[in-house]
Amino acid sequence: SGARVRRARNRRPPQFLERDVDVKFSDVAGLGKIRLELEEIVKFFTHAEMYRRRGVKIPGGILLCGPPGVGKTLLAKAVAGEAGVNFFSISASQFVEIYVGVGASRVRALYQEAKDNAPAVVFIDELDAVGRERGLIKGSGGQERDATLNQLLVSLDGFEGRGDVITIASTNRPDILDPALVRPGRFDRKIHIPKPSLQGRIEILQVHARQKALAEDVDYMAVASMTDGMVGAELANIIEVAALSMLRDGRSEITTDDLLQAAQLEERGMLDRKDRSLEMWKRIALNEAAQAVVAVNFPDLRNIEFLNIAPRAGRELGYVRSKLDHIKFKEGMLSRQSLLDHITVQLASRAADEIWHGEDQLSTIWAETANNARSAARTFVLGGLSEKHHGLNNFWVAEKINDIDLEAQRIVNLCYERVKKILHRNRKLVDVVVDELVKKKSLAKKEFFDLVEMHGSLEPIAPTI
Ligand code: ADP
């Protein structure tokens, strides 16, 4: 009867198996060199025998660390897909049950299924939900979790070095895991998956574009540059939303504009995650608006792609996406006038703070841009571009550090007077842009230029240098 019971259990369909997982590495983009590490994990399956013969240690567990949505689950699936093995998955938060013993028996069942269907990848999402250092949670909930964790440790040890079942777990908090979990033979290999770079975002957008009807001339660079800080899941979502607006309009191709608008929506959706006071939003918006409004006055700088004050990883403040051409700047190819215009724009936040809030209410929001202005002014002087030190004759004079700094300061002061004039003349425009920014958190190119058209006053103000 024992055999019959076992057979009966085996006939039950596996509950943790994901069928038809057909993910390949080519579906995961923007990883750069990390991909090599994952390819090695595939080899633990495909070349297990060779590894064993050579005495190479096959890890029992691999930890994928990184923020939500960067593609950890996708990667685990791709490993199974590339190796051609079964994929079992569970979210660790499902382990944590109210009834004592349920979590532990789930872990046992999961690994039993994997063993019966080896070779296999076992994927545990949010490992930290159960793998938090033991003893940190008090009461019976803590006891239950400890039992689950203990069972997980036992299960991991059962497969150590065999290469037929490899566990991949994901977490955003590797630092709080129980030390027993990361001991050799368990999750002893950590792979960090960061948020994608600019290039990474382009690649991710392109991967998702494969299944959609995108226009030939879609400007991926434009979309990637306005999605700084976003992860793969958000980028995938942008493509979906763009596809919807194409369908809604009865068009047959997704355009750059669809994508940019979808990106803006995605960005707005992220806003509630951080609370700022209205006062703070306004300050940041003013900082942003002032720079943009001043920049549109200058031919080389008016190419503003996007205004944004949404909180972003690693960036406290918003930023205007209009940049001096940095390559030209480095190569010294910028005209004298453009460089002065650049300095003027960099001083816009400082001047706006003074005009709108008064000298005694200054913030430090403009510290970075004011610094840019100073260093650009030095470049200006050192390059022999200032009137006073124009040409070789005077260049030697300027070589004295003090002299350079004094002259740079004179340039900065002149540009500062100029930027104040421009802002005074465009007070209305700045106010409107601030209001819109506070309301929407970001403005697309067209929205911004529509406001400029309505409220701007752009007759040139020549620098008096
Ligand atoms: P995580 O497990 O890190 O939270 P997921 O793997 O669940 O993230 O990502 C969710 C979805 O986002 C994926 O199914 C995929 O559509 C998209 N995605 C995330 N990262 C990438 C990437 N690097 N390349 C392509 N698509 C990605």
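Modeller: Strands here are DSSP runs of E with at least two residues, and helices are runs of H or I with at least four, numbered from the N terminus. This is a predicted model: local features need pLDDT of at least 70, side-chain atom pairs count only at pLDDT 80 or more, and totals for chains, interfaces and linings use all residues. Residues are numbered from 1 along each chain as its sequence is written.

Biologist: How many bridges join β1 to β5?

Modeller: Strands of a sheet pair through backbone hydrogen bonds, either parallel or antiparallel. Two strands pair if DSSP finds at least two bridges between them. Five bridges join β1 to β5 (residues 187-192), and the two run parallel. β1 is also joined to β4 (residues 165-171) by five bridges, again parallel. There, Leu64 has Ser170 as its partner in β4.

Biologist: What is the order of the strands in the open sheet?

Modeller: The five strands follow the order β2-β3-β4-β1-β5, with parallel pairing. β2 (86-91) and β5 stand at the edges with a single partner strand each, so one side of each has no neighbour in the sheet.

Biologist: Is β1 mostly covered or uncovered?

Modeller: Count neighbours. A residue is buried if 20 or more other C-beta atoms lie within 10 Å of its own, exposed if 12 or fewer, and partly exposed in between; C-beta atoms are placed from the backbone. In β1 (residues 61-65), five of five residues are buried. Gly61, Leu63 and Cys65 point one way, and Ile62 and Leu64 the other.
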